[in-house]
Amino acid sequence: MIKNIFILFLILCFSICQDKYQEHIDNVLNGIKVEAAKKVLIDLPLEKQNNPEIIFLMALLEEDGEKSIEYYMDLYKRFPHYTYADYSIMKIGEFYYAAGLYTQSSNWLKKMVLYYPRSKYLDGAISLFLNSLIIIGNKDTAFFYAKVFDKQFPKLNVNDKVSLIIDEISSAEDKNNINNQSLISKAADVLDQ
């Protein structure tokens, strides 16, 4: 009986701590009370830093983008079923995309479709994933995945997104070709003179 009461007490204490950190996470995600969340992390003993809420909070509050990505990666690898694991993947994919590392970005964003198909970040992840594939020159692969995703997620209109991406890239390539033709024409005129 005493053993059961002790276990119940531990569960209750853990639950209260979880709620405390969740409140800080919610505040930071909403852009409020950020300083209070930072203070909680400063006062935290090292042994508590193995908690997924703490790792996620550290990732959110970290000002150095690369260090933040390390926290997100650590969180995903150690706690893949954590509530914000999909958020972590999205942030990692966005980071690599923004850095121009499209292959790494596509590798991370593909995890969203494979492991978190019900994520609220799925739409954005698919768009960046397909965009990454197209940018690195894998248009056929992007079309293949677009067809698969369109069947798997019909509400997302994946084919329309791919068409828009291709149109934008084609438009940019056409402008470059026109500019190149113009430069070639001017160079030919100069040579004729």
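Ser132 counts as buried, at 0% relative accessibility (buried means under 20% relative accessible area, exposed over 50%, partly exposed in between, with a 1.4 Å probe and protein chains only). Ser132 is placed in helix H7. Helices (H or I, at least four residues) and strands (E, at least two) are DSSP runs, numbered from the N terminus. Leaving aside neighbours within four places in sequence, Ser132 is in contact with Tyr97, Tyr102, Ser105 and Ser106 (contact means heavy atoms within 4.5 Å).

The model is predicted: local features need pLDDT of at least 70, side-chain atom pairs count only at pLDDT 80 or more, and totals for chains, interfaces and linings use all residues. Residues are numbered from 1 along each chain as its sequence is written, and side-chain values use heavy atoms, with hydrogens and water left out.

Ser105, one of the contacts of Ser132, lies in helix H6. Ser105 is buried too, with a relative accessible area of 0%. Beyond four places in sequence, Ser105 touches Gly93, Tyr96, Tyr97 and Ser132. Gly93, Tyr96 and Tyr97 are among the buried residues of H5.

The two serines sit within the contact between H6 and H7. From H6, the contributors are Tyr102, Ser105, Ser106, Leu109, Lys110, Met112 and Val113. They meet Leu122, Ala125, Ile126, Leu128, Phe129, Ser132, Leu133 and Ile135 in H7. Two packed helices are described by the angle between their axes and the distance between the axes. The axes of H6 and H7 come within 8 Å and cross at roughly 145°. Here axes are lines fitted to C-alpha atoms, for helices over the stretch in contact, and angles run from 0 to 180 degrees between N-to-C directions. The crossing is left-handed, that is, the near helix is turned anticlockwise from the far one by less than a right angle, whereas clockwise would be right-handed.

Pro117 lies in the loop between H6 and H7. Pro117 counts as partly exposed, at 33% relative accessibility. Not counting residues up to four places away in sequence, Pro117 touches Met112, Leu122 and Phe153. Pro117 and Gln152 are 35 residues apart along the chain, yet their C-alpha atoms are separated by 9.3 Å.

Helix H5 covers residues 85-98. Its 14 residues reach 20 Å from first C-alpha to last, close to the 20 Å expected at 1.5 Å a residue (the expected span is 1.5 Å times one less than the number of residues). Ten of the 14 residues of H5 are buried, so the helix is largely enclosed by the rest of the structure. The buried residues are Ala85, Asp86, Tyr87, Ser88, Ile89, Met90, Ile92, Gly93, Tyr96 and Tyr97. Tyr87 has a relative accessible area of 12%. Tyr87 and Leu122 are 35 residues apart in sequence and 9.9 Å apart in space, C-alpha to C-alpha. H5 is followed by Gly100, whose phi is positive, near 80°.

Helix H4 also has 14 residues and reaches 20 Å, close to the 20 Å expected. In H4, Ser68, Ile69, Tyr71, Tyr72, Met73, Leu75 and Tyr76 are buried. What covers them includes H3, H5 and H6.

The largest nonpolar core has 45 residues. Such a core is a set of buried Ala, Val, Leu, Ile, Met, Phe, Trp, Tyr and Cys residues joined through side-chain atoms within 4.5 Å. Phe56, Tyr72, Ile126, Leu130 and Phe149 have the most contacts inside this core. The elements giving two or more residues to the core are H1, H3 (52-61), H4 (65-78), H5, H6 (102-115), H7 (122-135) and H8 (139-152).

Overall, the protein has nine helices and zero strands. Of its 193 residues, 36% count as buried. Among contacts with a separation of 6 or more, 49% join residues 24 or more positions apart.

The mean pLDDT is 77, and 63% of residues reach 70 or more (pLDDT is the predictor's confidence in each residue, from 0 to 100). Where pLDDT is low, the predicted coordinates should not be read in detail.
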